[in-house]
Amino acid sequence: MTELDNLIASINKDTRITVLTGAGISAESGIPTFREAQTGLWENYSPEELASLSAFQRDPKLLWEWYNGRREMVKQALPNAGHDALVRLQQWSNHFCLITQNVDQLHQRAGSYDVIELHGNLNTARRFDEDEVLPLDDTLESLPPYCQVTGKLLRPNIVWFGENLPSAAVNAAEKGSIEAEVFLSIGTSGLVYPAAGLPVMARENGATVVEVNLDDTTITDMVSLKLSGCASEILPDLVDRLIYA
Ligand code: OAD
């Protein structure tokens, strides 16, 4: 029996499964990951320079152009077989928790629900100095957008570098990590906290941690099992073996 065989044999419908995804699961939907070189118009900018409150205050129009470009790209993208496999896993399992760092909402478009979004999403906004989350129109007529009720400048409902994450999402993600019996870390470099601490939290509470990634990452040395390759190829096979075992 291989380590993967043993993992499959150890999991049933009542096993508490928690999944953390990063940009790598959306890569095969055509959405660039964060730490690949920026392509096209933004190759002279790094996400860190743009995804910050100071960048927004300096030039809200430029920042909204960057985010709106990502929104339009995501609109054209489709969930891939990796997203679809996690939908099937959630339907099969009685204890499933999906945490994502991604802001593209491809998990929800694939059919996942109760998705814990640690970093917000591209389809909502907030009045600049308020916490209330507002839906964004499908197509923004002018940039930067303003609240039609209060006239206040809107900001993307995305966590910027140096900002706190939404506390409800962090609490739910930590609960899901502490309670996990199996923790899947999929398509993340494990470089950004607090998300990067979740697999460690799971392991410290007795979970079997499995990493699905093209490359080695900061957590590779501590995981129980490393599945190297594309998430859209590995996940469908893994979920099929679990469901039809
Ligand atoms: P990264 O770009 O840092 O890492 C993407 C990971 O996915 C890398 O480890 C790749 O090897 C892996 N990968 C790429 N293609 C893959 C594939 N087809 N199958 C499996 N793995 C693949 O993206 P994240 O780890 O998600 O935060 O970055 C975390 C956060 O950093 C982002 O949410 C963002 C960024 O700053 C905020 O915006 C707040």
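Analyst: **A helix, then the ligand site**

Helices are DSSP runs of H or I with at least four residues, strands are runs of E with at least two, and both are numbered from the N terminus.

Before going on, a word about the model: it is predicted, so local features need pLDDT of at least 70 and side-chain atom pairs count only at pLDDT 80 or more, while totals for chains, interfaces and linings use all residues. Numbering starts from 1 along each chain as its sequence is written, and side-chain values use heavy atoms, with hydrogens and water left out.

Back in α4, the buried residues are Leu62, Leu63, Trp64, Trp66, Tyr67, Asn68, Arg70, Arg71 and Val74. Buried means under 20% relative accessible area, exposed means over 50%, and partly exposed is in between (1.4 Å probe, protein chains only). An α-helix has 3.6 residues a turn, so residues three or four places apart point the same way.

Now for the ligand. There are 23 residues around the ligand, and Ala23, Glu28, Arg35, Thr188 and Ser189 come nearest; to be near, a residue needs a heavy atom within 4 Å. That shell divides into 9 nonpolar, 11 polar and 3 charged residues. In this scheme Ala, Val, Leu, Ile, Met, Phe, Trp, Tyr, Cys and Pro are nonpolar, Asp, Glu, Lys and Arg are charged, and the others, Gly among them, are polar.

Which side chains have polar atoms facing the ligand's own? Glu28 has a side-chain N or O atom 2.6 Å from a nitrogen atom of the ligand. Asn213 has a side-chain N or O atom 2.8 Å from a ligand oxygen, and for Asp215 a polar side-chain atom lies 3.3 Å from an oxygen of the ligand. The protein covers 93% of the 790 Å² of accessible area that the ligand has on its own; such areas come from the Shrake-Rupley method with a 1.4 Å probe, and for residues, only the protein chains shown count as cover.

Glu28 leads us on to Ser232. Ser232 sits in helix α9, residues 231-243, and its side chain makes a polar contact of 2.3 Å with the side chain of Glu28. (A polar contact is a pair of N or O atoms within 3.5 Å; within protein, one must be able to donate a hydrogen and the other to accept it, and residues adjacent in sequence count only if both atoms are side-chain atoms.) Setting aside residues up to four places away in sequence, Ser232 touches Glu28, Asn80, Ala81 and Gly82, where contact means heavy atoms within 4.5 Å. Ser232 counts as buried because its relative accessible area is 15%. Pro79 is 153 residues away along the chain, yet the C-alpha atoms of Ser232 and Pro79 are separated by 9.9 Å.

Asn80 turns up again around Ser26. Ser26 lies in the loop between β1 (17-21) and α2 (47-50), and a relative accessible area of 2% is why Ser26 is called buried. Leaving out neighbours within four places in sequence, Ser26 is in contact with Ile31, Asn80, His83, Asn102, Asp104 and Leu106. Two of these pairings also count as polar contacts between side chains: Ser26 with Asp104 at 2.6 Å, and Ser26 with His83 at 3.4 Å.

Gln105 is in the loop between β2 (96-100) and α6 (106-110) and is buried, because its relative accessible area is 18%. Asp114 also has a positive phi, near 55°, without being a glycine. Is Asp114 buried or exposed? With a relative accessible area of 64%, Asp114 is exposed; its place is the loop between α6 and β3 (116-117).

Lastly, look for two cis peptide bonds. One joins Leu143 and Pro144, with omega about -5°, and Pro144 lies in the loop between β5 (133-135) and β6 (154-158). Another joins Tyr193 and Pro194, with omega about 5°, and Pro194 lies in the loop between β7 (182-186) and α8 (198-204).
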